[in-house]
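Me: I'd like to go through this structure with you. Can we take it piece by piece?

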Amino acid sequence: MVRRPRLSRTVLAVAAVCAALLSGCDGRLLEKLFTPPPGPTPIRIGLLHSQTGTMAISETGLRDAEELALLEIDAAGGLLGHPVEAVIEDGRSRSADIFPRRARKLLSEDKVFALFGGWTSDSRKAMAPIIAEAKSLLFYAVQYEGNECAEGVIYTGSTPNQQILPALDWFLGDAGGRRRRFYLIGSDYVYPRTANYVARKYLASKGVEVVGEAYVPLGSHDFRRPIAELRGTNPDVVLSTINGDSNVDFYAELAKQGVGPDELPVVATSIGENEIRSLLPSQVAGQWVLANYFQSIDTPANRAFVDAFRSEFGLDRVTDDPMESAYVAVKLWKLGVERAGTTDPQTVLAALSKGASIEGPGGTVRFDPRTRHLAKKFRLGLVREDRQIAVVHESPEPIEPDPYPAFAFPGWRCDWTQGPPVAGAPIDLSAGSTPGR
Amino acid sequence: MVSWIFDVPTWEFAALTSGAFILFSWLGAIFARPILRPLLGGRSSLNDIVGYILSIFGVFYGLLLGLLAVAAYQGYGTTQGIVAKEASSLAALRRDIAAYPEPERQNLTWLLRDYTRYVVKQAWPLQQKGIVPKGGDVRMTAFQERLLRFQPMTAAEEVMHAETLRQFNVYYEARRMRLQSVGTSIPGTMWYVVFLGAIANLVLVWLFDMSLLSHLFLGGLLAAFLGAMIFLIADMDNPFRGAVSLSAAPFEPILSDLMED
């Protein structure tokens with residue numbers, strides 16, 4: 001009678017000790033006691049490029065360049081006292097479905113503060129509405145066709161007036177051999193069609209003939225017929241807006257049909273050192289490339305960039321124009337975050353809009369708050385035997401971006417400092433086109 | 001099992017485990033023993049009964065701990081074998097692609113390097129946090145896509161290509177096995193039984209009729225040993241985590257070889 005309550009207390013005491021130890025076994029108690037305080041939360045950004053599929057040949061390099069910029073930021077102590085972490089997704093070369101789905105996932109689930117992604121204009125156009133809806137930022141690093149000023153998109157690649165039009169001028173002039181018969185060939189999607197529309201309008205304004213125009217499906221590997229048709233029009237220069245690994249087959253087929261650069265020079269907008277590595281020198285040496293940056297630029301900033309890239313990703317890796325733009329894009333975002341003192345996308349954009357310039361590997365680039373593009377130099381290059389590209393001509397100063405050249409897009413205007421873009425007359429991209437035979 | 005244990009240094013974890021058991025044993029000897037013994041009647045033969053029960057219990061508990069230790073060690077050894085197989089098949093794959101004609105050789109080398117770099121620099125640190133790395137899938141797919149685009153032009157190239165594809169499959173299988181073993185560990189229920197058994201052992205020791213000093217010494221000794229055994233099992237439980245874990249060392253020579261290619 002006397003011992004019973006004592007027994008209960010003892011059993012309870014032992015049970016309590018056991019429960020305490022068992023709860024420790026489960027980890028909740030001990031985890032709270034012994035887990036060290038968390039370090040600074042990483043700032044997350046999204047990298048969304050095609051790492052598989054037809055565009056992987058081009059886009060993987062952008063991912064690597066962006067990773068390099070992030071590694072450099074972290075090595076220098078991070079951003080606002082935080083490390084920067086990349087959440088990487090694969091667009092799988094599927095602009096219409098995968099790109100917007102992954103962009104939405106990065107913004108809503110991974111909570112990234114900015115997105116760096118895309119190559120094809122289709123992928124950019126698919127992501128832009130999602131960026132605008134989320135009031136976030138998309139840094140798009142590839143040369144493109146213009147005709148766009150999307151909300152929340154920062155374009156670090158070039159517009160036609162910074163790449164295609166200066167090249168056309170050069171080929172129309174004495175230095176370029178006073179060419180008069182242009183043939184336009186491209187992959188069949190929005191960039192080549194719009195870029196060729198701009199080129200066609202520009203050449204028409206100069207009284208120059210476009211002898212033919214042809215499009216092949218993106219990812220196409222059979223160029224026998226397109227090249228035969230192209231030769232049938234007897235052009236004296238070809239402007240190529242072919243994208244992705246189709247370029248490899250295009251140049252290989254040209255070589256196979258015995259069409260060399262002396263007989264018919266090809267001027268390409270969407271090929272660089274990264275794509276050329278997949279070709280044999282005999283297939284591509286002597287052909288022309290339009291860009292704002294080439295790996296061969298001999299400046300201390302570029303040598304440092306190339307060396308850093310190679311030591312991180314392999315001694316035989318190459319850098320090219322979109323990769324440099326992607327690297328610059330991350331550095332530009334970093335500058336915006338530092339100036340804003342926050343990662344909030346709209347505040348970062350406002351900070352950049354007060355004026356910003358970056359000393360990139362290809363030279364100084366300046367952020368244009370009106371168009372949210374970069375002012376940058378034009379460079380024309382010739383592919384060498386070692387598959388590097390020699391600079392033949394460059395603009396003396398950076399060229400201001402113009403996404404809506406008046407001769408091609410009358411009435412259209414982009415000036416974010418005054419308000420949203422103004423729409424002009426409807427544009428018919430096929431107007432004045434001459435189908436290839 | 002709790003995950004924080006892998007984030008503390010080994011010696012701290014070992015000291016913590018043994019220390020917790022010793023503390024529990026001593027607290028029981030000081031506070032619970034004076035209450036428990038009178039409850040059981042305080043007969044002079046109680047030591048014999050407790051000793052008999054403890055010896056039976058000890059056999060079963062020892063078997064449990066022994067088997068768990070062996071299972072944890074075998075799991076570690078098996079995973080070590082998987083990682084070694086994966087690394088050697090990756091090295092073989094690297095040799096195979098070196099025989100391809102240009103420009104395929106360079107393209108495949110770059111893609112394999114990209115993958116290997118990811119394994120060493122990003123996947124391994126994630127595994128050490130108990131996270132199954134996902135970025136390797138994309139890189140493997142990119143490599144496979146490029147490999148499948150190659151069109152052999154000669155009989156020798158056909159043989160070489162077939163062998164590379166076979167080696168790729170061997171590699172892929174080993175890789176899947178490695179990823180599956182990232183989350184492999186002793187089930188939580190088993191840990192409850194282990195801890196319950198340890199507590200029962202120590203409670204039984206409290207029932208011996210001995211001086212307090214003997215209790216503190218002998219009970220503390222047993223508690224320290226139990227703590228050490230449990231530490232050993234816990235530390236080996238996940239092959240990629242903690243001080244006793246597999247490193248990316250087998251992949252590092254392949255990466256440096258690829259980097260300089």
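Predicted model: local features only at pLDDT ≥ 70, side-chain atom pairs only at ≥ 80, totals over all residues.

Me: How much of chain B is buried?
Reply: Buried residues make up 33% of its 261 residues. A residue is buried if 20 or more other C-beta atoms, placed from the backbone, lie within 10 Å of its own.

Me: How many helices and strands are in chain B?
Reply: Chain B has eight helices and zero strands. Both are DSSP runs numbered from the N terminus: helices are H or I with at least four residues, strands are E with at least two.

Me: And what are the spans of chain B along its principal axes?
Reply: Its C-alpha trace spans about 90 × 30 × 20 Å.

Me: At what angle do H3(B) and H8(B) pack?
Reply: At about 140°, with their axes 9 Å apart. H3 covers residues 104–127 of chain B, and H8 covers residues 252–259. The axes are lines fitted to C-alpha atoms over the stretch in contact, and angles run from 0 to 180 degrees between N-to-C directions.

Me: Which residues make that contact?
Reply: From H3(B), they include B:Thr109, B:Leu112 and B:Arg113. From H8(B), they include B:Glu252, B:Ile254 and B:Leu255. Two residues are in contact if their C-beta atoms, placed from the backbone, lie within 7 Å.

Me: Switching to chain A. How many helices and strands there?
Reply: Chain A has 14 helices and 15 strands. Of its 437 residues, 52% count as buried.

Me: Why is H6(A) called largely enclosed?
Reply: Eight of the nine residues of H6(A), residues 164–172, are buried, so this helix is largely enclosed by the rest of the structure.

Me: Which ones are buried in H6(A)?
Reply: Among them are A:Ile164, A:Leu165, A:Trp170 and A:Phe171.

Me: What do the buried residues of H6(A) pack against?
Reply: One helix on the list is H7 (190–205) of chain A. The strands include E8 (237–241), E9 (266–268) and E10 (288–291).

Me: What share of the chain A contacts between residues at least 6 apart join residues at least 24 apart?
Reply: That share is 69% in chain A. For chain B, residues 24 or more positions apart account for 82% of the contacts with a separation of 6 or more.

Key:
Residues numbered from 1 in each chain as written. Chains lettered and ligands numbered in written order. Buried ≥ 20, exposed ≤ 12 C-beta atoms within 10 Å, placed from the backbone.
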